Amino acid sequence: MSMPLSLPPRPWSLLAQALAYLPEAPEKSRAFVDALSRSKRSRLLWEAREQGLEALIAATGAAGCEVEPTLTRVTRFQFARHLHATTEIAGRLAEAGVDVILIKGSPLAARLYDAPPIEPWMRPPGDIDLFVAPTSLGRAIDVLRQAGLRLIDDPRARHGGVKHSVDFRGTEGRLSGLFVELHARLSHSPWRENLEFGPLFERARPWAPSGSAPNSRQRVLDPLDEIAFLASHGAGHRFEALKWLLDLRLRLGLLANIDAAMIWQRAVDCRCEQALRIGLWALERWLDTDETRLGQQMSRRAGKRGQLSPTRRALYGAALGMGSGLRRLRGLVTCLLLVDQPRPSMVRHLAALGLERLRHG
């Protein structure tokens, strides 16, 4: 019995086809959308609303896909607010002597989505994600609480520290309603990756929004590290949000001329080789076009090393098809598929995770 080697369609599969040519060939995205039937056009717009990507569809220039002016103003305001809050909180941490790396969200969009016809505000930000050293976590928590953020979930109180972030919510002033995730590790499964803070911060680059002076304590990931992280994060979440796949594609596109061996070596160093294989495979199936072919190019340039094994393909596809009733099994299978090399620490982590489930249900 042969195992399936292709990924199942996602709820946003039509949306992925519509956005696959951006930003390289928007006229082809426009032609694709304009050729859709009325029913498919309705489904496309529904997918775009569900994913918060209406503005990217509008950027294609396709007929009938304009965004309401009010929504555009609101979306621009929300993006600006998110970016300002992110840099304000990171600035408070830096002033307190806490090194911080800005991951995902508006800082990522400001760097990757600034390529006409797309603009940074068109990529919807979620939580504010900040990465600090584990040894600085206590001080960072104090700084965020003093800034007016309410602690809503602290993994230090849980067995084994299974949860990978400390969660906050803004309750007053400019931060009201915003959610902040303070990470001391970048993975839900610490045995899966080698994305420790120290080496990443050493390679990271100072960054600040346009018009602001960068702070050496406030950085963004090195491009090669960012590829490893985006592949790992997206694959770990089974690319449930199309923006995670778009992030990876745009990041790779900015490094299209770099030696592929450097990208693969960094993935090996970060123990994210399987994650990158899965990410490239997902790109090839869902977002590659004649203009980009990033997934195929990266896999081909890496030779056999870039190929995802048939067994992992089949199991990852099966994990994508598992329903909500199998959420825990789906998560466990996904984490195991992203392991480059089995290690004894996996057993300790799985034991801690099992105890955590028993204690908290």
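# Close-up views of a predicted model

Arginine 271 is placed in the loop that lies between H11 and H12. In this predicted model, the phi angle of arginine 271 is near 55°, which is a positive value in a residue other than glycine. With a relative accessibility of 25%, arginine 271 counts as partly exposed.

**View 1. Helix H11 (residues 260-269) packs with H12 at an angle of about 130°.** The axes of the two helices are 7 Å apart, and the angle makes H11 oblique to H12. On the H11 side, the residues that take part are Ile263, Trp264, Ala267 and Val268, and they meet Glu273, Leu276, Arg277 and Leu280 of H12. Sorted by class, this contact of H11 with H12 has six nonpolar and two charged residues, with no polar residue. As a general point about such spacing, an α-helix has 3.6 residues a turn, so residues three or four places apart point the same way.

**View 2. Helix H12 (residues 273-286) and helix H14 (residues 310-321) cross at roughly 70°.** The axes of H12 and H14 come within 12 Å, and the two helices are therefore roughly perpendicular to each other. The crossing in which H12 passes H14 is right-handed. From H12, the residues Gln274, Ile278, Trp281, Arg285 and Trp286 meet Arg312, Arg313, Tyr316 and Leu320 in H14. By class, the contact of H12 with H14 is made up of five nonpolar residues, one polar residue and three charged residues.

**View 3. Helix H15 (residues 327-337) has the buried residues Arg330, Val333, Thr334, Cys335 and Leu337.**

**View 4. Seven strands form an open sheet with mixed pairing.** The order of the strands across the sheet is S3-S4-S5-S2-S1-S7-S6. At the edges stand S3 and strand S6 (205-206), each of which has a single partner strand, so one side of each is left without a neighbour in the sheet.

**View 5. Strand S4 (residues 165-170) is largely enclosed by the rest of the structure, because five of its six residues are buried.** Strand S3 (residues 149-153) runs antiparallel to S4, and four bridges join the two. Within this pair, leucine 151 stands opposite phenylalanine 168 in S4. S4 also pairs with strand S5 (residues 179-183), again in the antiparallel sense, over five bridges. Among the bridge partners in S5, leucine 182 is that of valine 166, while histidine 183 is that of serine 165.

**View 6. Aspartate 34 is found in helix H2 (residues 26-34).** The relative accessible area of aspartate 34 is 38%, and the residue is therefore partly exposed. When residues up to four places away in sequence are not counted, aspartate 34 touches Arg41, Ala62 and Ala63. Between aspartate 34 and glycine 64 there are 8.7 Å in space from C-alpha to C-alpha, although the two are 30 residues apart in sequence.

**View 7. Two cis peptide bonds are shown, the one from leucine 22 to proline 23 and the one from proline 116 to proline 117.** For the bond that leads from leucine 22 to proline 23, omega is near 0°, and proline 23 itself has its place in the loop between helix H1 (13-19) and H2. For the bond that leads from proline 116 to proline 117, omega is near 10°, and proline 117 has its place in the loop between helix H6 (105-112) and strand S2 (128-131).

**View 8. Arginine 238 has a positive phi of about 60°, although it is not a glycine.** The loop in which arginine 238 is placed lies between H9 and helix H10 (242-254). At a relative accessibility of 9%, arginine 238 counts as buried, because the cut-off for that class is under 20%.

Conventions: Residues are numbered from 1 along each chain as its sequence is written. This is a predicted model: local features need pLDDT of at least 70, side-chain atom pairs count only at pLDDT 80 or more; totals for chains, interfaces and linings use all residues. Side-chain values use heavy atoms; hydrogens and water are left out. Axes are lines fitted to C-alpha atoms, for helices over the stretch in contact, and angles run from 0 to 180 degrees between N-to-C directions. Angles under 35 degrees count as roughly parallel, over 145 as roughly antiparallel, 65 to 115 as roughly perpendicular and the rest as oblique. A crossing is left-handed if the near helix is turned anticlockwise from the far one by less than a right angle, and right-handed if clockwise. Contact means heavy atoms within 4.5 Å. Ala, Val, Leu, Ile, Met, Phe, Trp, Tyr, Cys and Pro count as nonpolar, Asp, Glu, Lys and Arg as charged, and the others, Gly among them, as polar. Buried means under 20% relative accessible area, exposed over 50%, partly exposed in between (1.4 Å probe, protein chains only). Two strands pair if DSSP finds at least two bridges between them.
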